[in-house]
Amino acid sequence: MSKPDKAGESKDGPVRADARRNVEAVLQAAMTVFDELGVDAPVREIAQKAGVGIGTIYRHFPQRSDLIVAIVQKEVDACADASVMLAGTLPPAEALAQWMQRLVELIATKRGLAAALHSGASAYQALPDYFLKRLTPALQMLLEAAVSAGVIRGDIDASELLMASTRLAMPAAEGDMAQARRMVSLLVDGLRFGATISDGTMK
């Protein structure tokens, strides 16, 4: 176990912090490069954009599939975490609507990764379950708040809504963000039909 330095921090602290920054830089660079050049882009392109050595990439991501899985999980986590931030800062209806648009942005990240994710490789088989496990509770929380506020109907199943929204957002994965946003917005508007206000009457 490493000894603390004079500031009371482990000598390994800065090393770990640097490693985390390198990983973040690699993931961000890989997303950009894959979007521009596809998932078969040379690793040196990613390393150059991230400002790290090729060895750094292989140390953290021995296989290209490791890098792709990490990108997807990072984006899914960010989308899930956004639900808490939105719920804490916006009215329930707006929080739900904005999170659904955040979901469109998540689907858009598949644009550069589609060739790999649709390849049938075993490395990606767990990603759909990861997507559902992280995002269904996030959406459920937003739905419950909106139902309690009387701004959407109360018979919406979070898992079904997530899958429907994902399908409507698929044009974003092909570069058509505008269409995806419109379709998801229409879906959200439809949730308002039949909403029950606090006195039990229908809107």
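A contact here means that heavy atoms lie within 4.5 Å. With that in hand, let's work through this predicted model.

**Exercise 1.** Find what share of the contacts with a separation of 6 or more in the protein chain comes from residues 24 or more positions apart.

*Solution.* Start with the elements: the protein chain has nine helices and zero strands. Read from the N terminus, its order is α-α-α-α-α-α-α-α-α. Now turn to the contacts with a separation of 6 or more: residues 24 or more positions apart account for 66% of them.

**Exercise 2.** Work out how helix H7 and helix H8 are oriented to each other, and which kinds of residues form their contact.

*Solution.* Two packed helices are described by the angle between their axes and the distance between the axes. Helix H7 covers residues 127-148 and helix H8 residues 158-168; they pack at about 110°, with axes 9 Å apart. Angles of 65 to 115 degrees count as roughly perpendicular, so H7 is roughly perpendicular to H8. The crossing of H7 past H8 is right-handed.

Now look at who takes part. H7 brings Phe131, Leu132, Leu135, Thr136, Leu139, Gln140 and Leu143, while H8 brings Ala158, Ser159, Leu161, Leu162, Met163 and Thr166. Sorting the residues of this contact between H7 and H8 gives nine nonpolar, four polar and no charged ones.

Notes:
Residues are numbered from 1 along each chain as its sequence is written. This is a predicted model: local features need pLDDT of at least 70, side-chain atom pairs count only at pLDDT 80 or more; totals for chains, interfaces and linings use all residues. Side-chain values use heavy atoms; hydrogens and water are left out. Helices (H or I, at least four residues) and strands (E, at least two) are DSSP runs, numbered from the N terminus. Axes are lines fitted to C-alpha atoms, for helices over the stretch in contact, and angles run from 0 to 180 degrees between N-to-C directions. Angles under 35 degrees count as roughly parallel, over 145 as roughly antiparallel, 65 to 115 as roughly perpendicular and the rest as oblique. A crossing is left-handed if the near helix is turned anticlockwise from the far one by less than a right angle, and right-handed if clockwise. Ala, Val, Leu, Ile, Met, Phe, Trp, Tyr, Cys and Pro count as nonpolar, Asp, Glu, Lys and Arg as charged, and the others, Gly among them, as polar.
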